[in-house]
Amino acid sequence: MSIETKARNKRFVQLAVTTALATTALTACTGKAAPGHASSAAHAEKALDKGQASKAVRHAEAAVLASPRDAATRTLLANAYLEDGRFASAATTFAEAVELGDTAPRTVISFTLAQIAVGDQRGALETLDRFEAALDPADYGLAIALSGRPDRGVHVLGNALRAGQNTPKVRQNLAYAYALQGNWRAARVMAAEDVPAGEVGDRMAQWAAQVRPEAYTGRVASLLGVKPQADPGQPAMLALANHPSVDMLAAQEVGELDPVTDEPQTDFAFAEELAPVAVSEGTVDDSDVALADAGFASAQGAIRYVSSEVVQKTPARTHQPVAPRIAGTAVPQRVAANTGASGDYNVQLGSYFSMSDANEAWKQFQKRYPEMGDAERVITKARVNGKIYYRVAAAGFAKSSAQTLCRSVKGKGGGCIAYASSRPLPGAIDVVDTGMRVAAR
């Protein structure tokens, strides 16, 4: 081989190596890391707004994987599943979102619809009974009817109408409940209040095709305007059980170190940080409720009823309507606090990102849980996973009274952690507001 040939081959080898290195460097520079939580959630919301449900599911699943214990992200994924017609996955994910602390009316109603769509009427009824007091009667009544209790739904919606909630939504939901009840004459009369005369017959035909007991999936799909599809279920790696919180792991460790006592301590075990939420100004969220007016929306989302509301003459409302409770539901008893049964146990009710939200939450808790009696307020600053929380607790309970209050709060769908004031929860920094007294440390 000549000297010239060797030199040419050497240059070729050098060029090949240089090209390979350049390609590797280019790949390293242009390679994209896995999207973060905020980015994935934003893409999911954008896809939902555009009606791209399947795309929204992919982005929302990535967001949940990036932040598995964020309640709002779980709800976003559940809504994406619902819009995509994947009702089983939606039901599972909504249940996890509720477990993480998202008990907003919209979330509860959507959870109920998913349960109904998969044939879990019993579970839907239990969910509705648990959160009845927080739901708008217009949504609660129709959801009860869809859950297999049309007589009950007619009763609730009729009461709401007579109490002054005379809106197209209530009237049309009542009309649909009449149809599910088999009272077609009443359904036609009520539907005609808002539906143009030429469309009432079509509305009745549409409802008639959906009232068969076994058509529960079709009823929900038609109500939401989605197409049901085969659902493989939520990916196993996203299951909430696979992602315990730091506090839950710490609780297990604390439990292992604590001496064994004769009395069960189940209700006083450390739980995860109660999910921080924004304090709403009201208890009814009419604009956000996911339960659309029965049959109102076409495939394109256009409104099919007359734009001007037809108002019937009804008795003027003299008081805030309260949805009637199911017979046999126990009325919670008040728990004496700071009276003869006072003690050094606190009951944490929520965690918030600001002091102002914590103070406002206390006012809401006093209204929501009258069984707290004259309990004193304690707001404690805490640091968990690098974030600052303001924990709101009711103080001054005996151990048994704290246990009773916690059960009552959980029965109403709230979060609750009971603990001795001498043993603050993990992450506590300092008591920043004690209301009327200095909390025991």
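First, the ground rules. This is a predicted model, in which local features need pLDDT of at least 70 and side-chain atom pairs count only at pLDDT 80 or more, while totals for chains, interfaces and linings use all residues. Residues are numbered from 1 along each chain as its sequence is written, and side-chain values use heavy atoms, with hydrogens and water left out.

**The disulfide**

A disulfide is a covalent bond between the sulfur atoms of two cysteines. Here a disulfide is called when a pair of cysteine sulfur atoms sits within 2.5 Å, and the count comes to one. The partners are Cys 406 and Cys 416, with their sulfur atoms 1.8 Å apart. Cys 406 belongs to helix α16 (residues 399-411) and Cys 416 to the loop between α16 and β4 (417-420), so the bond ties together parts that are ten residues apart in sequence. (Helices, H or I with at least four residues, and strands, E with at least two, are DSSP runs numbered from the N terminus.) The torsion about the S-S bond of Cys 406 and Cys 416 is about -100°, so this disulfide is left-handed.

Are these cysteines buried or exposed? Cys 406 is buried, at 2% relative accessible area, and Cys 416 is buried too, at 7%. In these terms, buried means under 20% relative accessible area, exposed means over 50%, and partly exposed is in between (1.4 Å probe, protein chains only).

**Salt bridges**

Side chains of opposite charge can pair when their charged atoms come close. With a salt bridge taken as a side-chain nitrogen of Lys or Arg within 4 Å of a carboxyl oxygen of Asp or Glu, the model has eight salt bridges. Among them are these:

| Pair | N to O distance | Relative accessible area |
|---|---|---|
| Arg 74 and Glu 96 | 2.6 Å | Arg 74 0%, Glu 96 9% |
| Arg 212 and Glu 214 | 2.9 Å | Arg 212 43%, Glu 214 53% |
| Lys 363 and Glu 360 | 3.9 Å | Lys 363 45%, Glu 360 30% |

Start with Arg 74 and Glu 96, which form a salt bridge. Arg 74 lies in helix α4 (residues 71-83) and Glu 96 in helix α5 (residues 87-99), so their pairing ties together parts that are 22 residues apart in sequence. Arg 74 counts as buried, and Glu 96 is buried as well.

The salt bridge of Glu 214 and Arg 212 has another setting: Glu 214 is exposed, while Arg 212 counts as partly exposed.

And where do Lys 363 and Glu 360 sit? They are three residues apart in helix α15 (residues 355-368), and so are separated by about one helical turn. Lys 363 is partly exposed, and Glu 360 also counts as partly exposed.

**A positive patch**

Which residues form a positive surface patch? They are Lys 46, Lys 50, Lys 55 and Arg 58. Arg 58 is found in helix α3 (residues 53-66) and is exposed, with a relative accessible area of 54%.

**One more pair**

Finally, take Leu 180, a residue of helix α10 (residues 168-181). Leu 180 counts as buried at 16% relative accessibility. Leu 180 and Ala 208 are 28 residues apart in sequence, and their C-alpha atoms are 8.5 Å apart in space.

Notes:
Patch = residues over 30% accessible without salt bridge, like charges linked within 9 Å, V, L, I, M, F, W, Y side chains within 5 Å. Areas by Shrake-Rupley, 256 points an atom, 1.4 Å probe, with all protein chains shown as cover. Lys, Arg positive; Asp, Glu negative; His and termini not counted. Charge placed at Lys NZ, Arg CZ, Asp CG, Glu CD.
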